[in-house]
Amino acid sequence: MSHDLVLLSGNANRALAGRIASYLDLKLGNAIVERFSDGETRVELNENIRGRDVFIIQPTCAPANQHIMEALVMVDACRRASAKRITLVNPYFGYARQERKSAPRTPITAKLVSDLFTVAGVDRMLCMELHTSAIQGFFNIPVDHLFSKPVFGPYFQGRDNLLVVSPDAGGAERARAIAKYYDCGLAIVDKRRDRPNESAVMHIIGDVTDKDCLIVDDICDTGGSLCKAAQALVDKGARSVSAAITHPVLSGPAVERIAESCLTELVVTDTIPLSEKARNCSKIKQLSVGELLGKAIRRIHGAGSISSLFV
């Protein structure tokens with residue numbers, strides 16, 4: 001790789017940053033990212049990045065506010081150190097589910113966060129599986145939006161009797177793309193959500209009898225919707241139910257719910273690091289997006305096309 005390329009990592013997911021660096025045969029840049037005793041973020045770059053192409057690897061997962069602030073301060077440090085270009089590699093975009101006014105007098109926080117990144121000095125964003133693709137329009141800078149299909153695809157390839165299932169109507173486009181990849185059928189779970197993190201499954205659109213169902217979604221938070229959808233599929237005659245979820249938020253009782261559910265397995269990526277409890281759950285398997293992001297970084301740095309990575 002060119003000596004002009006610099007990889008920096010915040011504290012959100014250093015393991016993933018290490019995998020990306022290993023794929024690119026680079027070392028992570030020398031940067032101190034820590035907090036003062038009062039909780040304020042401290043960043044210090046201990047190498048020269050003047051005129052260099054800098055990629056900051058920082059998903060804004062929990063605690064989202066802290067990791068967003070780390071990203072902002074790192075970007076400001078790079079800008080003031082005269083970096084040629086600053087790309088924020090943001091595998092998980094925090095606040096993505098607050099992308100519209102869902103009720104009167106509520107904020108569009110995803111837009112606020114995108115504005116913060118842009119004002120801080122980010123020149124380009126590299127994201128994975130945004131909650132909705134429309135978030136790209138919140139930025140006035142280039143956004144490269146990758147999908148997890150190249151990671152999940154080979155894992156489930158060759159399974160007989162497969163049926164891809166969207167856990168709600170909003171995720172039908174994502175599930176349809178996966179169903180097309182596997183050349184299999186598609187079903188949709190009709191779900192009504194009365195309040196955040198709670199849902200009630202109403203009915204299944206499609207025939208799932210004797211099928212090995214694969215639920216596809218971008219985020220698993222508390223696990224309630226996923227486990228209820230899996231149970232609904234089994235009740236309708238599904239032979240087995242697995243899930244492929246890009247971002248394992250897994251907050252609250254999620255791991256316990258998954259362990260006790262009828263799910264055969266939950267396959268996730270490493271856009272968000274797993275807790276110790278999740279790592280010890282026999283039903284949860286994690287695949288890495290490090291190579292996919294590494295390919296994208298290499299092509300962005302070399303001014304090559306990354307369109308083939310979008311699918």
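Which residues does Arg97 touch, not counting residues up to four places away in sequence? They are Tyr92, His131, Ile219 and Asp221. Touching, or contact, means heavy atoms within 4.5 Å.

Some ground rules come next. This is a predicted model, where local features need pLDDT of at least 70 and side-chain atom pairs count only at pLDDT 80 or more, while totals for chains, interfaces and linings use all residues. Residues are numbered from 1 along each chain as its sequence is written, and side-chain values use heavy atoms, with hydrogens and water left out.

Now take the overall layout. The protein chain is divided into domain 1 (5–146) and domain 2 (149–287); these bounds come from an automatic or database domain assignment. Their centres, taken over C-alpha atoms, are separated by 28 Å. In domain 1, 13 residues are in contact with 11 residues of domain 2. The two domains bury about 1,100 Å² between them, 53% of it on carbon and sulfur atoms. Buried area is the accessible area (1.4 Å probe) that two parts lose on being put together, summed over both. On the domain 1 side, Tyr92, Arg97 and Glu129 lose the most area to domain 2, together 48% of what that side buries.

Across it, the rule finds three salt bridges. A salt bridge is a side-chain nitrogen of Lys or Arg within 4 Å of a carboxyl oxygen of Asp or Glu. The side chains of Arg97 and Asp221 form a salt bridge, at 2.9 Å from N to O. Glu129 belongs to a salt-bridge network with Arg174, Asp217 and Asp218.

The UniProt annotation "binding site", from an unreviewed entry, covers Asp38, Gly39, Glu40, Arg97 and Gln98. Such annotations may be inferred rather than shown by experiment; positions follow the numbering used here, and feature names are shortened. The farthest two C-alpha atoms of these residues are 30.1 Å apart, so the residues do not all gather at one spot.

Finally, look at a pair within domain 2. Arg239 forms a salt bridge with Asp212, the closest N and O atoms being 2.6 Å apart. This pair links distant parts of the chain, 27 residues apart. Arg239 is exposed, with a relative accessible area of 53%. Asp212 counts as buried, at 16%. Buried means under 20% relative accessible area, exposed over 50%, and partly exposed in between (1.4 Å probe, protein chains only). Arg97 is partly exposed, at 39%.

Methods
Helix = DSSP H or I, 4+ residues; strand = E, 2+ residues; numbered from the N terminus.
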